[in-house]
Amino acid sequence: MIVVAGEALIDLVPQGTGALAALRPALGGGPYNTAVALGRLGSPTAFCSRASNDAFGEALLDGLRRAEVDVSLVARGAEPTTLAVATVDPHGSASYSFYVDGTADRLFTAPVALPAATRAVSFGTLSLVLEPGAGAYEELMRGAAGQGLFIALDPNIRTALIPDPDAYRARFKSWLPSVTLLKLSEEDALWLGGTPHEWLASGPSAVVITHGGDGLSAFTRDGTVYSVPGEEVAVVDTIGAGDTVNAALLHGLAARDALSAEALLGLDADGWTTLLRFAARAAAVTCSRAGAEPPYAAELAIP
């Protein structure tokens with residue numbers, strides 16, 4: 001089982017132009033999208049979070065259940081669901097503003113134990129920024145790494161919610177000894193200010209960087225770089241594309257029984273190229289439709 005830990009929220013997506021365009025609510029949140037994508041691809045998946053008892057919270061859990069994601073690790077609370085208002089530019093790229101004060105997911109506490117079948121735990125996005133929950137997710141990350149589990153991290157930087165960039169960058173570096181696979185966008189890499197070589201020296205077995213429509217690259221400990229181009233597609237929007245890449249990488253590694261630091265270090269050129277192409281193909285499907293709608297296994301050739 002792959003456990004995805006982090007926030008679930010509602011994206012309010014504009015249906016036209018201008019500040020007063022109608023907003024369509026959509027299920028979202030980076031970790032949530034990753035969990036749904038994993039479930040749709042057929043990986044046994046559990047979601048670890050705290051969700052509201054409100055109607056949005058019920059809809060989010062229903063979306064997980066439809067993707068056959070285990071929700072037994074989701075705590076509930078009376079606080080409202082986090083809202084993210086999306087703005088989509090003419091090229092389909094999305095930016096966000098957030099309504100996070102007093103919301104349910106911020107009060108996350110780490111579970112006593114993860115399911116016995118857990119092989120990997122994925123972290124990222126708002127859940128590692130907003131306290132007090134961020135500290136609990138960090139505790140879960142370090143504990144899972146200490147048990148020898150595969151740890152995936154996608155920082156998915158949201159600068160509007162980071163009041164002290166230098167403090168966040170220092171905290172990010174403190175996570176790296178616990179991380180097996182670091183995945184981030186080219187924009188996130190530039191904002192963090194480091195390099196794949198520096199991050200690999202701190203702990204991860206591999207770093208994957210996405211380049212939008214230009215594809216993605218994997219950097220490994222031995223200095224090798226594997227790159228694949230993006231798949232051409234008519235882009236509707238890019239919401240959830242990076243989360244789909246995250247899920248596709250984890251699913252592909254699980255299919256190869258490679259959810260360990262040693263197996264990741266041993267992945268050869270053919271293995272990396274196939275894995276990256278699969279992730280690029282999955283992300284292209286997500287970009288071809290509105291909102292975070294990752295593909296199902298039947299829509300892809302599973303590697």
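This is a predicted model: local features need pLDDT of at least 70, side-chain atom pairs count only at pLDDT 80 or more; totals for chains, interfaces and linings use all residues.

User: Which residues other than glycine have a positive phi?

Analyst: N156 is one of them, with phi near 45 degrees, and D257 is another, with a positive phi of about 55 degrees. As background, most residues other than glycine have a negative phi, and most peptide bonds are trans.

User: Where does N156 lie, and is N156 buried or exposed?

Analyst: N156 belongs to the loop between β9 (150-154) and α4 (165-175). Its relative accessibility is 13%, and because buried means under 20%, N156 counts as buried.

User: And D257, buried or exposed?

Analyst: D257 has a relative accessibility of 54%, so it counts as exposed, the cut-off for that class being over 50%. D257 is located in the loop between α7 (241-255) and α8 (261-265).

User: Switching to helix packing: at what angle do α1 and α2 pack?

Analyst: Helix α1 (residues 30-41) and helix α2 (residues 55-66) pack at about 30 degrees, and their axes are 9 Å apart. Since angles under 35 degrees count as roughly parallel, α1 and α2 are therefore roughly parallel to each other.

User: Which residues meet there?

Analyst: From α1, the residues are Y32, A35 and V36, and they meet A59, L60, G63 and L64 of α2. By type, the residues of this contact divide into six nonpolar, one polar and no charged.

User: Zooming out, how many helices and strands are there?

Analyst: The protein has nine helices and 13 strands. Its radius of gyration is 18 Å, close to the 19 Å that the globule rule gives for 303 residues, so the protein is as compact as a globular protein of that length. Taken along the principal axes, the box filled by the C-alpha atoms is roughly 50 × 45 × 40 Å.

User: Last one: what does the accessible surface come to?

Analyst: The accessible surface of the protein is about 12400 Å², and 54% of that area belongs to carbon and sulfur atoms.

How values were computed. Residues are numbered from 1 along each chain as its sequence is written. Side-chain values use heavy atoms; hydrogens and water are left out. Axes are lines fitted to C-alpha atoms, for helices over the stretch in contact, and angles run from 0 to 180 degrees between N-to-C directions. Helices (H or I, at least four residues) and strands (E, at least two) are DSSP runs, numbered from the N terminus. Angles under 35 degrees count as roughly parallel, over 145 as roughly antiparallel, 65 to 115 as roughly perpendicular and the rest as oblique. Contact means heavy atoms within 4.5 Å. Ala, Val, Leu, Ile, Met, Phe, Trp, Tyr, Cys and Pro count as nonpolar, Asp, Glu, Lys and Arg as charged, and the others, Gly among them, as polar. The radius of gyration is taken over C-alpha atoms; the globule rule is 2.2 Å times the number of residues to the power 0.38. Accessible areas come from the Shrake-Rupley method with a 1.4 Å probe; for residues, only the protein chains shown count as cover. Buried means under 20% relative accessible area, exposed over 50%, partly exposed in between (1.4 Å probe, protein chains only).
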